[in-house]
Amino acid sequence: MRSSAARAYSLLFFFSGATGLVYELLWVRILYQTFGSTIQSITTVVAAYMGGLGLGAWLLGRKADHHPRPAALYGWLEIAIGAFGLASPFVLSLAHRVYIGTAGTFALGGAASVALRFGLAALVLLVPTTLMGGTLPALTKGFMGVERDRLQTSLGRLYALNTLGAVVGTALAGFFLIERVGIHPSLYATAALNLTLGAAALALARPLEPSPAAPSPTARPWDRTRRVALTLLAVTAFASLLDEIAWTRVLVMVVGGSTYAFTLVLLVFLLGIGLGSAIVARRSPARPPPVADAALAQGITGAGAALLLAFFAALPLFVIRVFQHPGFDAIERLGLMGLAVGAVVLIPAVGMGLSFPLLADLAAPRDAARGADVGVAYALNTLGSIAGAVLTGFVLVVTLGTETTLRLGLVINGVAALVLAALAARGVAEGSAEHRALRLRVLAAGGLGSIALGAAFGASGWSSRLIDLGPTIYARDPMSPAALQGFLAHRGARQLAFREGWNATVSVWEGLTGRTLRVNGKVDASDQGDMDTQIMLGLAPAAARPEATSALVIGFGSGVTTRVLADVPGMQRVRVVEIEPAVLSMSGLFARVNDSVLRRPTVSAVVDDARSALQLRRDLFDVIVSEPSNPWVAGVATLYTPEFFRIVQSRLAPGGVFCQWVQLYQLPLPVVAGIVRNLRAVFPHVDVWFSSSLDLMILGSDRPLTYDRAWIGRLLAPGTGLGELSREWLGIDSVGDHFGRHLLDENGVAQLVERGTLTHRDDRPELEFVAARRFLDPEWDSHVFDSLMALEVRVGGHPGTSPVLLARAMTAPRVPSTVGPILMAAHHAQPENPVWLARVARMRFAAGDTTFVDSVLPALLRSRHPEALLFAAALAGRRGDLRARVALLREVVARGGDTAEAEAGLAGAAAHAGDWRGTVTALRLALASGPGSYRHPFPAGSLHDPLTGLALTGPPRLADSVLAAAAHAHPGWTTPYELRAAVALREGRCDDAVTQFQALAEFGIEVADAPDRLWHCRSGARH
């Protein structure tokens, strides 16, 4: 072969690798729009894709041996791939119609649905992937001709170039093409490139015809080595896919689950493989068969993968430093995230890249240069990859966990290294030249393999507390060293459940602010902080659709929205679509707020992707609610396209209402406007409601949205489940209060959509990328809500219907307001209302304006309103007037004010006076009346001092009884456990103290002097 032609073909194959990955990423996205993005869909598509590659390598590798010009065969394969690329949009569209028609008509689910997805994916992808699979053996045959000794270097060179091209393709598709160009235009451009590559390959084919040469002599039989190599081609590929999937699961928890995170993992993985293969390409063909080198490659893979177990704790710290650095923008943060991914993936991926060409060389007979041998090696490697993808995704991670799965990969690599090292050393005389040449590599391979095995069985595991931090989300603000340690330990929170599901890792945490549901480290639901949004997502569409009898909820979360819809009078059928079954399994931990809704006969759950579920089931609903995770999370943005909204519309009954949750944090106004524009393009009538200044409910319908006050009155009737939820968590006391959360009417929405700059559709999912970059940005626009209110004012409306209703929706008792203009507007509208004066006074006092507070204090006292009296009592306490404080607190209780806060204050006064009976009575009342809702906040701060005084100096039995009640009422509050330990030590109940210290350890709290206190306790017990 001539070197100039070889360089030209090398360049062609580099671009071929780029087109292959672009195709894969584009076709997979289109198929996900049909099949959904569940693990079943992902695995079936990937398995079908890899299966075609393996089949093509096996079939076309044989054909290359009989083709007079293998390089020309490669050119024709590229042309055929390009031709299919041009036709692929039509073919994929046909597959979509077949799947929806077949699965929908026959109501297929479970295994039948998975089989249909795999069959269609295989049918669609079989032709192009078979062609792609044949390119490597064909061109390898063209490079080596009949010179067997050139197999290793030729294969290493081509595999490296093709894989490094795939790196470029991954970057192009993941960072540019899909967002900026679109899926279908990118397909056509990629197909054109394939046609160009094929034409160029045909033009260059003549110089690459195999030149005659004598076959290499057979040095000695390699039967055992060949068998081992063939086996390891499959087994190590299994381990490689196992590692890739497990690494992705871990890294998504640490660096975030955006589309960029997945792109970075794939990019670095391919980069490592490409670099490893490039190293092999530089290996001299004159060197002896590469058994020792293959052993070393497996040792590098195993030992490199073991580094994750050794240094996992450093990853969150690195990510925290990156996100807390004030000078890094989104691009710089993304680059540093790539560095973190590289620290985990690159070294073992280099070992994987070394392994394939070395093992392929060992597996091929020594007396012939055949493309078929390359095809067999590639096919076995692909079969192992398919098994790794299927078993890891479906079985290993779910049953064993990610950490144990990674350890299994270490065992495979470690054993492979040792087996190959033993083969390399077999029959080599000690002290011979061959022994001296092999010794260092064999010892290194054995040592690295032993390290991999040692790490697999002996390395300490990582804590599920550490992996569940979500550092890119919750560690952005600067922290002191103590605060950082507290964050890393989840201090003050305990993990009630942790489950690695098919699609995500799900956990439930409990702390002072209640329980939270985390998905891949990100809080997606809770039983306190998100209650207003979870309730409004069900209440807003139910209020807009009188007499609704059926509803569908996309995304279960804590189950509160499902419960709200199930509580609607006359509701006969509620269906939940949840992509991750582990989320549904956590429902019981939120029974306090979801009322065990999944047990109701009118409620059913479907585990599926929302797009798939809505397309396959033909029944209609009066209300559909979509509450997925944030759009920066990979895959979620597909639920914000006009195409998806049209699917939703097709499942709404006439006059039905659709409700879409939209976040305002990390999304600028033009992006929010673009989302609303997409929805308005499908639903002619759109309103916007809100639960807080950060969360919107976008309502859409085919009919004008009108609100029947009588129907809303039924929804909110006292004594009903929905009425109590709304009163307790939203502060809704009347029908009018509901309209305080109405933000934009149709005129305001018309103004909003004019500001939309986002182009987001199935073919060009811009939101997925824009949202991911905004997520990485160090700052975000916190005034989007203000801009939305201004739009409503501009068209002659008023957010919240009136200043008073808006203020009722956006301010709360006992909490200094952060929306001063809204509060002042309500005060000006109702200057005689003491509620607004009290809230203004509290806001001004928090800002340090005591002069204003003193000037309005007489008016507050004259009103005798409980909220005004409670603020006056707090003021009296700060100024040391305890007698006035007690009198005011007693009046608050008598007038039906915030009983929990008032009784906590009275308990503090009783404890100060040494009245322990009075302290206990007030504490019990405070605990019973402060569940932690909007209406009845939990006064943890006010309860701390009286509880501490009671525990340390009060009657121990009384103290322990009250503290046990506190722990039962608020199990996520750590103070009762600390104080119960103190009471137990006072009474010499050392084992009970140990129990409390152990409970604190579950919350990440290690009491420094606990061992000394327990030693003194036991010493006193002995004496």
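Helices (H or I, at least four residues) and strands (E, at least two) are DSSP runs, numbered from the N terminus. This is a predicted model, where local features need pLDDT of at least 70 and side-chain atom pairs count only at pLDDT 80 or more, while totals for chains, interfaces and linings use all residues. Residues are numbered from 1 along each chain as its sequence is written, and side-chain values use heavy atoms, with hydrogens and water left out.

**Stop 1: Leu744**

Select Leu744, which sits in strand E12 (residues 742-744). Is Leu744 buried or exposed? Its relative accessibility is 0%, so Leu744 counts as buried (buried means under 20% relative accessible area, exposed over 50%, partly exposed in between, with a 1.4 Å probe and protein chains only).

Now show what Leu744 touches. Leaving aside neighbours within four places in sequence, Leu744 is in contact (heavy atoms within 4.5 Å) with Asp687, Val688, Val749, Leu752, Leu788, Leu791 and Glu792. Pick Leu791 from that list: Leu744 and Leu791 are 47 residues apart in sequence, yet their C-alpha atoms are 7.9 Å apart in space.

**Stop 2**

Go to residues 493-500, which make up strand E1, and to 522-526, which make up strand E4. Two strands pair if DSSP finds at least two bridges between them. The order of the four strands is E1-E2-E3-E4, and the pairing is antiparallel. On average, neighbouring strands here are turned by 25° against each other, direction ignored.

Colour E2 (residues 505-511) and E3 (residues 514-519): six bridges join these antiparallel strands. Which residue is the bridge partner of Gly511 in E3? That would be Gly514.

Step along to Asn520, in the loop between E3 and E4. Asn520 has a phi near 55°, a positive value in a residue other than glycine. Its relative accessible area is 22%, so Asn520 is partly exposed.

**Stop 2**

Next, select residues 652-663, strand E9. Here 11 of the 12 residues are buried, so E9 is largely enclosed by the rest of the structure. Look for Phe621, which stands opposite Leu652 in E9.

**Stop 3: helix H26**

Select residues 721-730 for helix H26, where seven of the 10 residues are buried. They are Leu722, Gly723, Leu725, Ser726, Glu728, Trp729 and Leu730. What covers them? Show helix H18 (531-544), helix H19 (560-566), helix H21 (591-594) and helix H25 (709-715), which are included in the cover. Just after H26, click on Gly731, with a positive phi of about 70°.

**Stop 4: Arg814**

Find Arg814 in the loop between helix H31 (803-810) and helix H32 (820-829). Its phi is near 75°, again positive in a residue other than glycine. Arg814 counts as partly exposed, at 24% relative accessibility.

**Last stop: a helix pair**

Show helix H38 (residues 916-929) with helix H39 (residues 940-953). They pack at about 135°, with axes 11 Å apart (axes are lines fitted to C-alpha atoms, for helices over the stretch in contact, and angles run from 0 to 180 degrees between N-to-C directions).

To see where they meet, pick Trp916, Thr919, Val920, Leu923, Ala926 and Leu927 in H38, then Leu943, Pro946, Leu947, Gly949, Leu950 and Thr953 in H39.
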